[in-house]
Each structure stands twice: as structure tokens, then as C-alpha cells.
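Have a look at it first, then read on.

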Amino acid sequence: YWRGIAFQGKENFSKVAVPSLSISGWFDVSYPGTPMNYEGVKQWGATPAARKPSMIIGPWVHGGHHSKSHVTGGIDYGADSVLDTNAIQVRWLDHYLKGIDNGVEKDPPVRVFVMGVNRWRTAQDWPLPQTQFTPYYLASGGSANSSAGDGRLTTVAPKGRNCDQYV
């Protein structure tokens with residue numbers, strides 16, 4: 001069932017023959033698909049043009065990139081977090097659909113908003129070259145069942161037999 005409705009997979013990425021621009025938000029329900037599609041098309045795209053995808057990820061919810069607000073979920077990411085994504089899309093489409101020489105093909109293919117420092121970063125690839133992957137673990141003493149519980153997020157793999165359960 002899932003294979004039938006999922007786009008991700010070499011067999012589908014290898015059918016993509018045109019350039020692509022994906023825009024998503026860190027809080028977008030479809031976020032995980034954006035970097036997965038970027039990596040898949042880059043690896044298996046049918047043409048050299050397809051294997052040079054572009055991707056923007058900002059501090060938004062689904063469709064939030066059209067908003068002029070720099071507040072998401074009650075957190076203010078600063079005025080610089082707002083992009084004119086309509087202008088970005090028109091410039092991209094002008095180049096790839098109308099053949100206008102506007103330099104868009106020379107732009108870094110990856111633009112991501114880094115929360116915490118609240119600034120945009122560009123890169124030639126994804127994941128960002130300086131990325132350091134850190135595994136996190138859910139842990140508790142067996143009572144993580146409420147906001148007053150003892151659950152925690154940690155970088156240390158939990159040891160012991162205590163566990164939480166839910167039905």
C-alpha cells in the first residue's frame with residue numbers, strides 16, 4: 001500500500017527529468033519529504049538538469065512561506081526570517097520556463113533557516129557540510145506520563161529496565 005502512494009524511491013526519482021525547486025518549513029507537515037526529495041532527485045534524477053535540485057527550508061508551518069509574519073508557534077524568528085518566496089519562484093520560473101538569463105542557476109542550491117541563531121545559510125549540498133549528527137534518546141525512570149513526569153531527552157543511551165508504556 002505505502003509503496004503505491006509514496007513518491008520516494010529510485011524508480012520514481014529516476015523519472016524526474018526537469019529542474020526542481022522545493023520550498024518547505026521546519027514545522028511543515030510535509031517537511032521530511034522535502035530533503036528526501038532533494039537527495040533522491042540529486043542522486044537518481046533522469047537528466048543532469050534534474051540532478052541539480054534547489055531547496056529552501058524556513059521557520060514556517062505548511063504554506064507559511066507566503067506569510068509576512070516572522071512569528072511561528074509564538075516564537076519570533078526576526079524580520080530576516082521572512083522571504084519573498086513569490087519573487088523567488090517567479091525568478092526561478094522565469095529562468096527555467098522562459099529562458100531568461102537572470103543568474104538563478106548560479107545561486108547556491110540549498111537555503112535553510114537555522115533556528116537559534118536565526119539566520120539563513122546557503123550551501124552547495126544537503127545536509128549542510130558542517131552538520132554533526134547527534135543521536136537523541138527518550139528516557140525516563142518509568143514515569144514520563146505527564147508534563148510533571150520524569151521523561152527527558154538525552155544524548156546518552158538509557159540503561160536499565162525502567163520503561164514507560166501506553167495503550
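Predicted model: local features only at pLDDT ≥ 70, side-chain atom pairs only at ≥ 80, totals over all residues.

A residue is called buried if its relative accessible area is under 20%, exposed if over 50%, and partly exposed in between (1.4 Å probe, protein chains only). Residues are numbered from 1 along each chain as its sequence is written, and side-chain values use heavy atoms, with hydrogens and water left out.

**Aromatic pairs**

- Rings of Phe, Tyr and Trp (its six-membered ring) pair if their centres lie within 6.5 Å; planes under 30 degrees apart count as stacked, over 60 as edge-to-face and the rest as tilted.
- A search of the whole structure turns up 8 aromatic pairs.
- Trp92 and Tyr96 make a tilted pair, with 4.7 Å centre to centre and 45° between the planes.
- These two, Trp92 and Tyr96, sit 4 residues apart in helix H4 (residues 85–98), so about one helical turn separates them; helices (H or I, at least four residues) and strands (E, at least two) are DSSP runs, numbered from the N terminus.
- Trp92 counts as buried because its relative accessibility is 12%, while Tyr96 is partly exposed at 33%.
- Phe113 and Trp120 pair edge-to-face, at 5.3 Å centre to centre and 70° between the planes.
- That pair belongs to one aromatic cluster made up of Phe27, Trp60, Tyr77, Phe113 and Trp120.

**Helix H4**

- H4 has 14 residues and spans 19 Å from its first C-alpha to its last, close to the 20 Å expected at 1.5 Å a residue (the expected span is 1.5 Å times one less than the number of residues).
- Thr85, Trp92, Asp94 and His95 are buried in H4.
- Strand E1 (21–25) and E2 are among what covers those buried residues of H4.
- After H4 comes Gly99, with a positive phi near 75°.

**Largest pocket**

- On a 1 Å grid over the protein atoms alone, a pocket is an open set of points with protein on both sides within 12 Å along at least five of seven lines, and lining residues have an atom within 4 Å of a point.
- The largest pocket holds about 480 Å³ of space, where a volume is the space filled by probe spheres set on the points, joined across faces, edges and corners.
- It has 22 lining residues, and Ser54, Val104, Asp107, Pro108 and Pro109 are the closest to its centre.
- Helix H3 (33–44), strand E2 (54–58) and H4 each give two or more residues to this lining, with H4 supplying the largest share, 4 residues.
- By class, the lining has 13 nonpolar (Ala, Val, Leu, Ile, Met, Phe, Trp, Tyr, Cys and Pro), 6 charged (Asp, Glu, Lys and Arg) and 3 polar residues (the others, Gly among them).
- Ser54 is found in E2 and counts as buried at 18% relative accessibility.
- Leaving out residues up to four places away in sequence, Ser54 touches Ser20, Leu21, Ser22, Tyr38, Trp92 and Pro109 (contact means heavy atoms within 4.5 Å).

**Second largest pocket**

- The second largest pocket has a volume of about 310 Å³.
- Of its 14 lining residues, Trp26, Trp126, Pro127, Leu128 and Thr131 are the closest to the centre.
- H3 and strand E5 (110–114) give two or more residues to this lining, and the largest share, 3 residues, comes from E5.
- The lining splits into 10 nonpolar, 2 polar and 2 charged residues.

Note on methods. 1 Å grid on protein atoms, 1.4 Å probe; cavity = no way out; pocket = protein on both sides within 12 Å on 5 of 7 lines; lining within 4 Å.
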